[in-house]
Amino acid sequence: MRALEVEGLCVSYGPVPALRDVSLHVEQGELVGLLGPNGAGKSTLVNAVCGVVKPSAGTVAIAGAAMAGVSCERIARLGVSLVPEGRHIFGSLTVRDNLRLGAAARRDGGAGTDAAIERVIERFPVLGRKLDGGAGRLSGGEQQQLAIARALVTDPFLLLLDEPSLGLAPLIVDLVFEVLAELRAEGLTVLLVEQHATRTLAAADRSYVLRSGNVVYEGAGDEHGAKEQLMIASLGEDL
Amino acid sequence: MSSVLENLISGITSGSLYALYALGIAVIFGIMRLVNFAHGELIMSGTYAVFLAAGLPVPLQIAVALAAPLVLALGMERVAFRPIRGASPGTLLVTSFALSFLLQSLATLIFGTLPKAANIAPALQGSVGLLGLTVARLDLVTIAVTLALLGGVGAFLSRTRFGAQMRASAEDFTMARLLGVKADRVIAAAFAISGMLAGIAGFLLMAQTGTATPTDGLYPLLFGLVATVVGGLGSLWGAVLGGYLVGLLSTLLQVTLPDSIRPYHDAFVFGAIFFFLVFRPSGLVVPRIARTRV
């Protein structure tokens, strides 16, 4: 059974189409990359999967179950966790409270939250040292680690990451991709939205390229093909 | 010196009431980005509830004053605001206006336009000597009850898991929902807190004035809203701070303005707030506004 299946998805913001008949899938245990330039529709796609954006046509299925009309909190409780672009940590809460919020989505009713928090602290030790500090005081890189850690505390079945390396120092980007490699090795299903093509293609089992709301490339291990499509998507057909 | 301290206590009393009004408005705005103009009618329902329960012992009067606005607040969330959740701010605003007018008209229909008088909680009337000062008992009760309520709401928000969910929702509702926080529960809890604060405010208002009228909510709504904006729209503690600031300013003007213009002291309060907002439009506490692109 596929962890995520998107079929013929169309999303518009008023009269402006953001996604046009997009189909893609993620098998269980896969790490799939979703590449494309700004405005290609990548964030719209993950928001539609999470139930934040309502599609005008098409379907989203999580583990075989159609998600039409399902609220975003219900989708979260089914095990879909998003690390959004811009991190969206709760700056007025402590790091610990941010992590504890992940308990709401856990399928064990929150019983394993404390153990999950201990595990993410092992993965991101800097958070352990600042547990009772305000999350708003963390640096950008620390906030990104917190956003990923908070998503992991939910014990996700499918993890969606929207541009996790955006605006981060190279060392933190390395850490993020190291963690992604660990998660992939542990069998977690991941959809990774990125503009960082080389690293994403190296990390992913398969990749898609979005351009102007359309999937223009799908493949595995064909770095050249994906990069060519990305170049066209970024710079235009006339290149 | 003693009159200064007595005036200070009077200002803190007014500020306590304004803080209750403002926090009731802010707790809804923080989560729904809705300025609930019907909040005044929640307070009004509290005053009428106390009027109806006037013959009962004080604890029962308080229970009735709490229950009526609480049930009304939960009812308005379920019937009026839940169906239009996610609608444009304009739609939410007009709905809350309509609801306010409807509830005021209903109160007029049921109780008439004339004030309904009741002598409630006589034990709260009169004054007591405190450290050489003469202080109204009701002022002390108002300050103590407000501080206890603010402490209780503060402890609930900061020390419980559900409180953390509410604070997270107030900061970024969409992100909180993406973490599995149940929108219906959080919003209903916000309305319940707002209704409870309105109930206590209604009881204290009724104890002060001794009458209930259909327009009881207008003045509290106006001052609550002003305090919320002064404090920083979207910040709960900013609303409380704004309430105390407006209360103290109002009392200060009341005692310092010449007799000839003293009846217009509210105009001076609003004038001062106007100038304050020109120089600091975001209010005293700048809240973290939820970003929309999630």
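A: A crossover counts as right-handed if, with the strands pointing away from the viewer, the path from the first strand over the helix to the second runs clockwise. Keep that in mind for what follows. The model is predicted.

The strand to look at is E7 of chain A, residues 158-162. Strand E7(A), helix H7 of chain A (residues 170-185) and strand E8(A) form a β-α-β unit, and the unit is right-handed.

Start with the cover over E7(A). Is the strand buried or exposed? It is mostly covered, with 5 of its 5 residues buried. In a regular strand, side chains alternate between the two faces of the sheet. Both faces of E7(A) are covered. On one side sit A:Leu158, A:Leu160 and A:Asp162, all buried.

Now the neighbours. E7(A) pairs with strand E6 of chain A, residues 80-83. The two run parallel, and 4 bridges join them. Within this setting, A:Val83 stands opposite A:Leu161 of E7(A). E7(A) also pairs with E8(A), residues 189-194. That pairing is parallel too, with 5 bridges. Here A:Leu158 has A:Thr189 of E8(A) as its bridge partner.

Next comes chain B. It holds 11 helices and 4 strands. Its C-alpha trace spans about 55 × 45 × 35 Å along the principal axes. How does its radius of gyration compare with that of a compact globule? A compact globule of 294 residues would have a radius of gyration near 19 Å, and chain B has 19 Å, so the two agree. Of the 294 residues in chain B, 48% are buried. Take the contacts in chain B between residues at least 6 apart in sequence: 76% of them join residues at least 24 apart.

Last, the place where the two chains touch. The contact takes 22 residues from chain A and 19 residues from chain B. On the chain B side, helix H6 (161-171) and helix H7 (173-178) each supply at least two residues. H6(B) gives the largest share of that side, 6 residues. By class, the side of chain B that touches chain A has 8 nonpolar, 8 charged and 3 polar residues.

Key. Residues are numbered from 1 along each chain as its sequence is written. Chains are lettered from A and ligands numbered from 1 in the order in which they are written. This is a predicted model: local features need pLDDT of at least 70, side-chain atom pairs count only at pLDDT 80 or more; totals for chains, interfaces and linings use all residues. A residue is buried if 20 or more other C-beta atoms lie within 10 Å of its own, exposed if 12 or fewer, and partly exposed in between; C-beta atoms are placed from the backbone. Two strands pair if DSSP finds at least two bridges between them. The radius of gyration is taken over C-alpha atoms; the globule rule is 2.2 Å times the number of residues to the power 0.38. Two residues are in contact if their C-beta atoms, placed from the backbone, lie within 7 Å. Ala, Val, Leu, Ile, Met, Phe, Trp, Tyr, Cys and Pro count as nonpolar, Asp, Glu, Lys and Arg as charged, and the others, Gly among them, as polar.
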